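Take a look at the side chains in this model. Which of them pair up, and how much of each is left in the open?

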Amino acid sequence: MLHSVIAAAAEAEEAVNPLIPAIYDIIWSSFVFVIILLFFWKLVLPRMQKLLDDRAEAIEGNIAKADDAQRKAEAALEQYTAQLAAARVEAGQIREQARADGQQIVSELREQASSDAARILATAKTQIEAEHQAAITSLRSEVGTLALDLASGVIGESLNDDARASAIVDRFLADIESSENSAPSAGKH
């Protein structure tokens, strides 16, 4: 019995192979495959290709725009850097000019202060000399009057003659001045 079952199975295996379809299935499947292939080839593939081309073109356009924006940004950065460098140079020049102007102003003020001090000193010397001369004149007249009064009292006569009195006073003062001048020079020897 086992032989008969094996023999029946061997006959059945030869008749139907589950891995190889029947010839009509292969023909109809090939026909449907060719129709689907033509449908995809004529309708779906061109649309997909157009969609992919549009997408690639959009991406390339965006890349070109991005490159252009990058070049513009780099140019703007270079321009900004150049302007910043120029501004720094100009600021340095302004600082140097301010320093030079400050030094010039200080120099002018010193010169003006020196000239003002010299003018004030000259004015003070002139005023002191004038006051000295006024004091000498005043002292001469007072000393002269006192000397005449003293001489009148000593001599016992009146010295009312102005020319004579003036000559006596001048001689008296000249003697005093000569004794004052000889006293310091005697101390130096």
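Aspartate 116 and arginine 119 meet through their side chains in a salt bridge, at 3.5 Å from N to O. Both belong to helix H2. They are three residues apart, so about one helical turn separates them. Aspartate 116 has a relative accessible area of 27%, so this residue is partly exposed. Keep in mind that the model is predicted.

Some salt bridges share partners. Asp68, Arg71 and Lys72 are joined in this way into one network. Look at one link of that network. The side chains of aspartate 68 and arginine 71 form a salt bridge, with 3.8 Å from N to O. Here too the two residues lie in helix H2, three residues apart, which is about one turn of the helix. How exposed is each partner? Aspartate 68 has a relative accessible area of 31%, so it is partly exposed. Arginine 71 reaches 52%. The cut-off for exposed is over 50%, so arginine 71 counts as exposed.

Now go to lysine 50. This residue forms a salt bridge with aspartate 54, and their closest N and O atoms are 3.7 Å apart. Lysine 50 is exposed, at 54% relative accessible area. Aspartate 54 is partly exposed, at 40%. How many salt bridges does a search of the whole structure find? The search finds five.

Next come the aromatic rings. The count of aromatic pairs is two. Tryptophan 28 has 55% relative accessibility, so it counts as exposed. Phenylalanine 31 has 46%, so it counts as partly exposed.

Phenylalanine 39 and phenylalanine 40 also pair. Their ring centres are 5.9 Å apart and their planes are at 85°, so this pair is edge-to-face.

Notes
Residues are numbered from 1 along each chain as its sequence is written. This is a predicted model: local features need pLDDT of at least 70, side-chain atom pairs count only at pLDDT 80 or more; totals for chains, interfaces and linings use all residues. Side-chain values use heavy atoms; hydrogens and water are left out. Rings of Phe, Tyr and Trp (its six-membered ring) pair if their centres lie within 6.5 Å; planes under 30 degrees apart count as stacked, over 60 as edge-to-face and the rest as tilted. Buried means under 20% relative accessible area, exposed over 50%, partly exposed in between (1.4 Å probe, protein chains only). A salt bridge is a side-chain nitrogen of Lys or Arg within 4 Å of a carboxyl oxygen of Asp or Glu. Helices (H or I, at least four residues) and strands (E, at least two) are DSSP runs, numbered from the N terminus.
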